[in-house]
Amino acid sequence: MSAKSQICSIWLGSETGILKGVSLTKKQAFNFCEMSCLSRDQEVCVMAWGDPQESEVLVGSVNGTVKTFSTDKGIFTATRECGDPSQGRFTGLAVTDSSVITCVESGLLKVWKEGSTETVEVNVGNGVCRMQQNPSHRHRVATGGKENPLKVWDLERPDKPIFTAKNVAHDWLDMRVPVWVRDIGFIPDSDKIVTCTGHHQVRVYDPSTPQRRPVMEAQFGEYPLTALSLPASQGTVVVGNTHGELAILDLRKGLVRGCLKGLAGAVRGLQCHPSLPLVASCGLDRFLRVHSLEDRSLQHKVYLKSRLNCVLLSSRDLESSSADVSGDVEEVKAEEDEVWDTMETVKEKTKKRAVQKDEATVTGVDGKKKRKLVKK
């Protein structure tokens, strides 16, 4: 299994609790799990890299456990109880200074220190949909959810948030605009934060200014946005919604630069490559897709047989491999479900009704007799 895991450059978590690895070079996919003990409570909610060398993948499940998978050994090496299923699913997972950061829907954020049973607990508010770590300042995280505005927390001083967003002004009917933060991203080399909402809005906040309301707001489509990711080239954001629509938005003008086609289900996982103009997406249609951000073409499409919740990209070239795999390896079909191949083709039989024709003699207005075909 170690040889298989070492060539995988994309990792995905499924509803069935299986960690899936994909090698674009070999055009193969692999399942890493104990197939005999799979259950619905092991559904993968969140994933994150466990170390800067990307030798470990942290997998958070619905049952509140966080498992550590070694990409070098190809096995799960550790399991930690990090949550209570009664408090909701994991909405975020991160690592800082050898500590694991978890957050659940009830708003309980915990910092699990390595080698210690003591944890730092922070109540970030109910209805959390997303907790995201700041890549530049790893001790800072942002949270938000349904009727829970964007907040930025410094885990070294977790008494209160260092930034709390203010809701936008009332609409044209003078009614309050509902708050529903679905995903969060930190814009590199700046203090700005971008969010997407369940009311198809994309907003940019700047905590470095006194203004707590968005400095830019745009809308895309008519359906709830579920995920976003920031490309390596600054100035744009990729968003996806519940109807399988992906779009690239300009963060300066709030305009749609283009759409990425091919999806057929709600987008649940979305991540741009750290250095290449590529974006990977997954969701309910069971496909992993990799699009180019330059010409918006579909580069790769892999069918993975399960509904997918999250995707994690390696920072190296996705089409490079450092190991060779030989032996019994099953190649994943990219275009069709195997079910369609095994189904019997049904041909519809049509019966043609025979029409009998006969001749009849008709007397015209002029008194002349004419022959006419009559259907019986």
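Modeller: A word on the ground rules: residues are numbered from 1 along each chain as its sequence is written. In this predicted model local features need pLDDT of at least 70, side-chain atom pairs count only at pLDDT 80 or more, and totals for chains, interfaces and linings use all residues, while side-chain values use heavy atoms, with hydrogens and water left out.

Biologist: Why is strand β13 called largely enclosed?

Modeller: Buried means under 20% relative accessible area, exposed over 50%, and partly exposed in between, with a 1.4 Å probe and protein chains only. Five of the six residues of β13 (140–145) are buried, so the rest of the structure largely encloses the strand.

Biologist: And what makes β12 and β13 a pair?

Modeller: Strands are DSSP runs of E, at least two residues, numbered from the N terminus. Two of them pair if DSSP finds at least two bridges between them. Strand β12 (residues 128–133) has five bridges to β13, so by that definition they pair, and they run antiparallel. Gln 132, for instance, stands opposite Ala 142 in β13, and a hairpin through six residues joins the two strands.

Biologist: Which strand does β13 pair with over five bridges, through a hairpin with two residues between?

Modeller: That is β14 (residues 148–154), again antiparallel. Val 141 has Trp 153 of β14 as its bridge partner, and Glu 147 in the turn has a positive phi of about 55°.

Biologist: What makes β4 and β7 edge strands?

Modeller: The open sheet has four strands in the order β4-β5-β6-β7, paired antiparallel. Strands β4 (44–49) and β7 (75–81) each pair on one side only.
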